Structures are given as structure tokens and as C-alpha cells.
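Open the viewer and have the selection tool ready. We will go stop by stop.

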Amino acid sequence: MNNLYLVLSRKPDRISRDDYHEWYVKHAQENIESTGFVDAQRYVIREVEAGKEVGDEQHLALYHYEGDMSIWRNDLTRRIEEGDVVLPDFFKEIEFRSWNCTPVGDLLKPTRR
Amino acid sequence: MKSCARSGVAGRLRGEQEGAERGAEGADVTKYVHLVFSDPPAGVTEDEFNEWYDAHVQEILAVDGWVAATRYRIAPEVGADESGGYRFLSLYELDVPPEQAVANLAAAGMGNADTYIEMKGDHDDANDPLPLPDWFAGIRFASWNATGTSERIVAPT
């Protein structure tokens, strides 16, 4: 089982939804060029309370990676410092929340249905 | 071979239709995902929580649309102050859009923590393979529906 880096984000108001997605797919592709990453997938997400979707639409990026998080994190930091990865001017306005996720067990499949 | 994502609403709608078809064939179920963050109450050990939660996941996976799950131990990185203090994540792979999957769950009495408690209260504990833990009401949950906007992006090998 791969480890998972989970990134929730909320785009800046001044950036359109289409522009945000267009940038983010390039950003995700660019990120996973760093050593350790396996794949990435992006989602639009909404919180659910009592079975109903509530709140505003946010963005989710799931990055699967192998080994220690420091491997890709150090490489990504280096690439940003060297100008290989260029972040857009609105990057600092994005509200990010992220978690490092380590599997508790194997993929669970139904044992009976 | 890397896949490039489509962007824009039209692309997303196309993607959703394709995703639904793929899901029906069982070939790709990561298009639709449901996330549940959780935090067990104080005094419940991680082993105790994990043992119960793995069994609870089987109750969820018995419902239509809920295909597979991975459970994670999680640690906040960016925006830790806003992360809610959750320590665990269940990531469910769905083969129907998440709103439908959540409706199916509600129909099975597991739409939220309150209905789950009611459902368990109606059962005879002796015949229930997974009785309600007495600490269940102390778990904090946060749930999210997720719909893929892009194909899986694969890292270079």
C-alpha cells in the first residue's frame, strides 16, 4: 500500500474555476515528477453533513507516494528554489490544508454482499 | 504514457459520464470517492478503534455503490490549525456518484452517526456481529464527497 498526501484547497476568489483547474492539473503533473511519487488524481469536493452536501466546492488532490515523505519534499523544495517549478502569483492566496496519510491496513474489500 | 486532464465544465461532464461507465464495468472506481475523517474519543486505544473501524467498514461495503476502502493514520502538514485535529481517514472508492452512494447509505440506516446509533439501538446486541461501542458517540467525524476532474496522472517511471 502506498502512502498518501492529501491536499484540500480553496481557490482565490479572483481566479476562475476553469483557470484554477487548468493550473492545478499542470501543477499536479509537475509535482509528481519528483522522486517518490506514484500518481495523482484531482477531485472537486464538498463536505457532507447529515447526508446532505453543505458549504462551498473545494478542490482535492490525492498524491500516492512510496517511501518517506522527505524524499519528494526535499526534491520539490530544491526544484522550486532552482526555478524548475514556478508557482503562480496567486499561489500564496490559495487556502491549503494537507495531511500525510499512512495506511492502517490493506485495501478493504467486501467480505460478503 | 501520461494522461492529460481535461479542464472546464464540458470536459468534466464528459469525464463524469465516462467515469460512470468505467465504474459500471468495474475497471476504474477511483472517479468517485467519499472521505471520512475521524478522531476517536480520549481513552480509546488506536488498536481498539482500528479493530472496530475495520469491521464497521465491512458494514459500509455491504451497501450498493461502496466498492473498497483504505484506512489511514493521518498527520496534518499545511494549515494544521485548520485541520480539525482528525487522526484517521477512511477513503472509500465508489462506483456511483457520491450523492447516490450517500443516499444508499442513508437508506441502510447509516446516513450519519445519529441514525447509525438508532439503527444499532433497534438491534439485539446478541445477534449483531458489530454491536455499538459505548464510546461511538464520542467519535468526531467529517465527511466529504469527491468527484474526479481528471484522469489519474501517472508519475514517470
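This is a predicted model: local features need pLDDT of at least 70, side-chain atom pairs count only at pLDDT 80 or more; totals for chains, interfaces and linings use all residues.

**Stop 1: strands 2 and 3 of chain A.** Select residues 37-49 and 52-65 of chain A, which are strand 2 and strand 3. The two run antiparallel and are joined by eleven bridges. Together they form a hairpin, with two residues between the strands. Click on Ala50(A) in the turn: its phi is positive, about 50°.

**Stop 2**

**Stop 3: His59(A).** Which residue of strand 3 is the bridge partner of Ser9(A)? Select His59(A). His59(A) is also the bridge partner of Val44(A).

**Stop 4: the side of chain A that touches chain B.** Now show both chains. Here 43 residues of chain A are in contact with 45 residues of chain B. Colour helix 1 (17-31), strand 2, strand 3 and strand 4 (95-103) of chain A; each gives two or more residues to this side. Which element gives the largest share? Strand 2 of chain A does, with twelve residues. By type, the chain A side divides into 22 nonpolar, nine polar and twelve charged residues.

**Stop 5: pairing across the chains.** To end, pick Thr102(A) and its bridge partner in strand 2 of chain B, Arg73(B).

Notes:
Residues are numbered from 1 along each chain as its sequence is written. Chains are lettered from A and ligands numbered from 1 in the order in which they are written. Two residues are in contact if their C-beta atoms, placed from the backbone, lie within 7 Å. Helices (H or I, at least four residues) and strands (E, at least two) are DSSP runs, numbered from the N terminus. Ala, Val, Leu, Ile, Met, Phe, Trp, Tyr, Cys and Pro count as nonpolar, Asp, Glu, Lys and Arg as charged, and the others, Gly among them, as polar. Two strands pair if DSSP finds at least two bridges between them.
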